[in-house]
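Subject: Structure handover

Dear colleague,

I am passing on to you the structure that we spoke about, and below it I have set out what was found in it. Please read the notes with the structure open beside them.

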Amino acid sequence: RRPSAAVPLLRPAAPPDQQAGRELNVIWYGHASALIEIEGRRVLLDPVWSERCSPSAVIGPRRLHEPPVRLDELPALDAILISHDHYDHLDLPTVRGLLAGQNAPFVVPLGVGAHLDRWGVPEERIVELDWSESHRVGDLTLTATAAQHFSGRGLRRDGTLWSSWVIAGSQRRVFYTGDSGYFAGYAAIGAEHGPFDVTLMQIGAYDRGWPNIHMYPEEAVAAHLDLRGGLFIPVHWATFNLALHDWAEPVDRLWAEAKARDVRLAVPRPGERVVVDDPPPVDSWWQAVA
């Protein structure tokens with residue numbers, strides 16, 4: 001359940017020259033944390049930089065690799081999106097670091113703003129959305145969309161909403177699952193908001209004991225097709241052990257299913273920038289450290 005050698009990390013190189021207004025790149029930092037560079041804007045997804053995804057600093061799932069960059073090395077952000085309030089998606093020390101080092105608003109599902117308020121995030125930097133509600137950041141539209149999951153921190157459960165996200169510019173579109181089981185809502189989201197240039201899909205932490213809240217890799221491919229996705233980038237794997245499967249099993253299963261269903265796939269190393277219009281070939285880097 002752990003790699004046999006260090007997970008290879010990269011520091012993002014300078015972004016390539018791209019046609020103005022059509023930029024679209026993704027940097028995956030590990031687990032569900034990723035940076036979307038879209039049409040001159042930067043949107044950070046579910047940032048978790050702590051050593052553990054836990055209410056405790058000494059117990060709970062510990063990282064399999066370090067973050068590829070420090071939090072204070074992130075570029076200036078235009079928005080920070082949170083999918084739900086579980087510890088592996090909403091992290092108090094990371095939020096406080098972003099509060100000190102960035103000016104971007106936190107765009108969150110209903111109820112999650114109360115956590116941020118308690119942690120000292122000013123009201124003007126908190127935007128709460130219900131499903132199907134949107135927030136504009138320049139020319140970007142950020143829309144909270146449905147997901148099949150749950151929420152809760154500590155002993156509290158389902159007091160806040162969870163969501164997936166659509167990030168739409170004037171020409172480019174991105175979908176992020178957050179955490180979710182497979183459900184009919186993906187086809188509805190694809191019909192209303194798609195097609196998408198790229199989808200960031202949860203593929204890890206599945207188990208027969210909770211089939212409705214996390215997708216198996218094969219289901220993630222089906223969801224990507226329902227969404228009318230272009231490039232598939234897997235997230236929610238390789239960083240924290242949250243289930244009993246082998247650490248690299250999700251991406252092995254994903255690669256096989258993507259080939260079987262002719263889905264365009266990129267599997268970046270943590271810190272690697274993926275240019276959506278020119279993605280790197282899949283090179284099975286994880287198998288060298290499995």
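Which residues are linked in a network of salt bridges? Before the reply, please bear in mind that this is a predicted model. The network is made up of Arg11, Arg70, Asp72 and Glu73.

**Salt bridges**

The structure as a whole holds 12 salt bridges, and a few of them are described here. Arginine 11 lies in the segment before strand S1 (24-30), while glutamate 73 belongs to the loop between strand S3 (41-45) and S4, so the pair ties together parts that are 62 residues apart in sequence. The two partners can also be described by their accessibility: arginine 11 counts as exposed, at 53% relative accessibility, whereas glutamate 73 is partly exposed, with a relative accessible area of 30%.

Another salt bridge joins the side chains of glutamate 51 and arginine 62, with an N to O distance of 2.8 Å. Both glutamate 51 and arginine 62 are placed in the loop between S3 and S4, 11 residues apart. Glutamate 51 is partly exposed, with a relative accessible area of 31%, and arginine 62 is likewise partly exposed, with a value of 47%.

Towards the other end of the numbering, arginine 269 forms a salt bridge with aspartate 283, where the closest N and O atoms are 2.7 Å apart. Arginine 269 sits in the loop between strand S13 (264-265) and strand S14 (273-275), and aspartate 283 is found in the segment after S14, the two being 14 residues apart. Is arginine 269 buried or exposed? At 19% relative accessibility arginine 269 counts as buried, because the term covers values under 20%, while aspartate 283 is partly exposed, with a relative accessible area of 38%.

**Parallel strands and their crossovers**

Strand S4 (residues 79-81) pairs with strand S5 (residues 106-109) in the parallel sense, over two bridges, and phenylalanine 106 in S5 is the bridge partner of isoleucine 80.

Valine 107 has valine 127 in S6 as its bridge partner, and S5, helix H2 (residues 112-118) and S6 make up a right-handed β-α-β unit.

How many bridges join strand S9 to S10? There are four, and the two strands, S9 being residues 164-168, run antiparallel. S9 and S10 form a hairpin with four residues between them, and isoleucine 167 has valine 174 in S10 as its bridge partner.

S10 also pairs with strand S11 (residues 196-202), here in the parallel sense and over three bridges, with tyrosine 176 standing opposite leucine 200 in S11. S10, H3 and S11 make a right-handed β-α-β unit.

**Aspartate 179**

Aspartate 179 has its place in the loop between strand S10 (173-176) and helix H3 (185-193), and aspartate 179 is buried, with a relative accessible area of 2%. Leaving aside residues up to four places away in sequence, aspartate 179 touches a set of residues that includes His84, Asp88, His89, His149, His214 and His236. With histidine 236 there is a polar contact between the two side chains, at 3.1 Å. The C-alpha atoms of aspartate 179 and alanine 32 are separated by 9.0 Å, although these residues are 147 residues apart along the chain.

**The annotated region**

Lastly, the UniProt record, an unreviewed entry, places the feature "domain: Metallo-beta-lactamase" at residues 41-237. Over residues 41-237 the chain is 18% helix and 25% strand, and the end C-alpha atoms are 26 Å apart.

With kind regards

Conventions. Residues numbered from 1 in each chain as written. Predicted model: local features only at pLDDT ≥ 70, side-chain atom pairs only at ≥ 80, totals over all residues. Heavy atoms only, no water. Pairing = 2+ DSSP bridges. Right-handed = clockwise from strand over helix to strand, strands pointing away. Buried < 20%, exposed > 50% of the residue type's maximum accessible area, 1.4 Å probe, protein only. Contact = heavy atoms within 4.5 Å. Polar contact = N/O pair within 3.5 Å; in protein donor to acceptor, adjacent residues only side chain to side chain. UniProt positions renumbered as here; feature names shortened; annotations may be inferred. Salt bridge = Lys/Arg side-chain N within 4 Å of Asp/Glu carboxyl O.
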